[in-house]
Amino acid sequence: MSNVDKTILKTVEDRKNGKHFSFSEHLKGLVFSLLSSQRDWSAIHKNRQYIEKLFFNFDKNKIKNCDYKYFISSLKSRSLGNRAIGKQMETLNYNISVLEEIENEYGSLDDFITKLKPNAISALLACKESPYALKQIGFPLALEYLRNVGIDTVKPDVHIVRIFKRLGLIKNCESEEKEVLKVIENLSKESGYTKAYIDFLLWHYCSVGFGNICSENNPKCEMCVIREFCKRG
């Protein structure tokens with residue numbers, strides 16, 4: 001599988017080695033999290049440099065002084081949008097203001113996101129009643145944002161949920177996302193691999209534009225190296 005995206009693995013390693021992530025890097029992590037919503041990632045990955053330039057290398061003041069419609073039209077021109085792209089860009093300045101408030105309160109965004117466990121921080125960012133709530137950010141996207149700034153955690157997206165169901169590791173329930181987190185937590189402890197690395201392997205195995213083995217509609221079961229454990233039937 002030559003086409004892989006190791007960006008998150010690098011950020012996790014960077015943080016492990018003592019890197020401090022700046023405000024602009026947090027903003028970059030948030031924007032890429034938003035762009036990952038309800039779409040395949042391959043086009044975003046291929047256009048990473050274009051996106052970074054489009055958002056002025058995530059200079060918050062330049063973004064705040066730019067009409068949000070510019071970002072919408074520019075992203076759509078490269079087929080980099082998603083169903084929520086309008087609201088995501090419209091509320092981006094609000095989210096920047098929330099990040100600024102967090103920074104003022106905690107000294108830095110890094111100090112805030114490392115104060116509690118990733119699940120707790122993600123809940124604070126995703127819960128509408130929280131003073132730190134970000135708009136257009138649910139629990140999985142909040143976890144994706146944390147991963148983008150080097151936190152060793154998992155995004156329980158549709159690909160991971162799907163393969164875990166097929167392997168019989170989780171069942172249909174209201175807490176699928178939390179069940180995914182528990183399973184990967186246990187796999188990490190048993191294997192010694194980071195949660196981000198386990199997520200990286202599983203996600204690339206399933207995702208369109210990358211491994212695309214355990215895909216939604218046309219899984220390549222004949223090529224699957226773990227098919228003996230599959231409960232798909």
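## Lining of the largest pocket

In this predicted model, the residues that line the largest pocket divide by class into 15 nonpolar, twelve polar and 16 charged. The space in this pocket amounts to about 950 Å³, and of the 43 residues in its lining, those closest to the centre are Ser36, Trp41, Glu144, Arg147 and Lys155.

Several helices take part in this lining, with at least two residues each coming from H1 (7–16), H2, H11, H12 (158–166), H13 (176–191) and H14 (195–206). Among the contributors, H1 gives the most, namely six residues.

## Lining of the second largest pocket

The second largest pocket has a volume of about 340 Å³, and 13 residues line it, of which Leu167, Leu187, Ile198, Leu202 and Ile226 are the closest to its centre. Two or more residues of this lining are given by each of H12, H13 and H14, and the largest share, four residues, comes from H14.

By class, the lining of the second largest pocket holds twelve nonpolar residues and one polar residue, with no charged residues, whereas the lining of the largest pocket includes 16 charged residues.

## Packing of H2 against H11

Two packed helices are described by the angle between their axes and the distance between the axes. For H2 (residues 23–35) and H11 (residues 139–148), the axes come within 8 Å and cross at roughly 140°, and the two helices are therefore oblique to each other. The crossing of H2 and H11 is right-handed.

On the H2 side, the residues in contact are His26, Gly29, Leu30, Phe32 and Ser33, and they meet Leu141, Glu144, Tyr145 and Asn148 of H11. This contact of H2 with H11 is made up of four nonpolar residues, four polar residues and one charged residue. Glu144 of H11, which takes part in the contact with H2, is also listed among the residues closest to the centre of the largest pocket.

## Packing of H12 against H13

The axes of H12 and H13 lie 10 Å apart, and the helices pack at an angle of about 75°, which makes H12 roughly perpendicular to H13. From H12 the contact draws on Ile160, Val161, Phe164 and Lys165, and from H13 on Glu176, Val180, Val183, Ile184 and Leu187. Seven of the residues in the contact of H12 with H13 are nonpolar, none is polar and two are charged. Leu187, a member of this contact on the H13 side, is also one of the residues closest to the centre of the second largest pocket.

## Packing of H12 against H14

H12 also packs with H14, at an angle of about 90° and with the axes 9 Å apart, which makes H12 roughly perpendicular to H14. His159, Ile160, Arg162, Ile163 and Phe164 in H12 meet a set of H14 residues consisting of Asp199, Leu202, Trp203, Tyr205 and Cys206. By class, the residues of the contact between H12 and H14 comprise seven nonpolar, one polar and two charged.

Conventions. Residues are numbered from 1 along each chain as its sequence is written. This is a predicted model: local features need pLDDT of at least 70, side-chain atom pairs count only at pLDDT 80 or more; totals for chains, interfaces and linings use all residues. Side-chain values use heavy atoms; hydrogens and water are left out. Axes are lines fitted to C-alpha atoms, for helices over the stretch in contact, and angles run from 0 to 180 degrees between N-to-C directions. Angles under 35 degrees count as roughly parallel, over 145 as roughly antiparallel, 65 to 115 as roughly perpendicular and the rest as oblique. A crossing is left-handed if the near helix is turned anticlockwise from the far one by less than a right angle, and right-handed if clockwise. Contact means heavy atoms within 4.5 Å. Ala, Val, Leu, Ile, Met, Phe, Trp, Tyr, Cys and Pro count as nonpolar, Asp, Glu, Lys and Arg as charged, and the others, Gly among them, as polar. On a 1 Å grid over the protein atoms alone, a cavity is a set of points where a 1.4 Å probe fits but cannot get out, and a pocket is an open set with protein on both sides within 12 Å along at least five of seven lines; lining residues have an atom within 4 Å of a point. Grid points are joined across faces, edges and corners, and a volume is the space filled by probe spheres set on the points.
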